[in-house]
Amino acid sequence: ILDGSVKTIVITKKEEEKREKKKDNLLFEYIDFSNNIAKQICEVLYKYKIQSVIIEGGTKTLQTFIDESLWDEARVFKAYKTFEKAIEAPKFKKFCKEIIPIKNDTLKIYKNA
């Protein structure tokens, strides 16, 4: 990702985190991680005319976009296996619009509309 072969936007909090060797396709954007993170990320994406993005992150990252209502669709896979210890999944205030069984697992589709 960071080899400069394709345009890559790195969203970070400090200018000091810049890579010493500048690459043409490696862009750094700085945001304030203490407030409205998802909104700021969307503003960076808009600046570069990016209209669609897949957010793959941990619970905190995903929950931020959910809470700020900055999402259109979420696809949640639920496996039949359970773990004794795990990180809690993000919470949706919207109802699941569609449930698709896939072998022993389930795909739940949520829409923010």
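Q: What does a salt bridge mean here, and which lysine meets Glu-88 in one?
A: A salt bridge is a side-chain nitrogen of Lys or Arg within 4 Å of a carboxyl oxygen of Asp or Glu. This is a predicted model, and in it the N to O distance for the Glu-88 pair is 2.2 Å. That falls within the 4 Å cut-off, and the partner is Lys-91.

Q: Is Glu-88 buried or exposed?
A: The cut-off for exposed is over 50% relative accessible area. Glu-88 comes in at 51%, so Glu-88 counts as exposed.

Q: How many residues apart in sequence are the parts that Glu-29 and Lys-47 tie together?
A: Glu-29 and Lys-47 form a salt bridge, with their closest N and O atoms 3.0 Å apart. Glu-29 sits in strand β2 (residues 26-30) and Lys-47 in helix α1 (residues 37-47), so the pair links parts whose separation in sequence is 18 residues.

Q: About how many helical turns separate Glu-43 and Lys-39?
A: These two form a salt bridge, the closest N and O atoms being 3.6 Å apart. Glu-43 is partly exposed at 44%, and Lys-39 is partly exposed at 45%. They are four residues apart in helix α1, so the separation is about one helical turn.

Q: Which residues are linked in a network of salt bridges?
A: The structure holds five salt bridges. A network of them links Glu-73, Arg-75 and Lys-111.

Conventions
Residues are numbered from 1 along each chain as its sequence is written. This is a predicted model: local features need pLDDT of at least 70, side-chain atom pairs count only at pLDDT 80 or more; totals for chains, interfaces and linings use all residues. Side-chain values use heavy atoms; hydrogens and water are left out. Helices (H or I, at least four residues) and strands (E, at least two) are DSSP runs, numbered from the N terminus. Buried means under 20% relative accessible area, exposed over 50%, partly exposed in between (1.4 Å probe, protein chains only).
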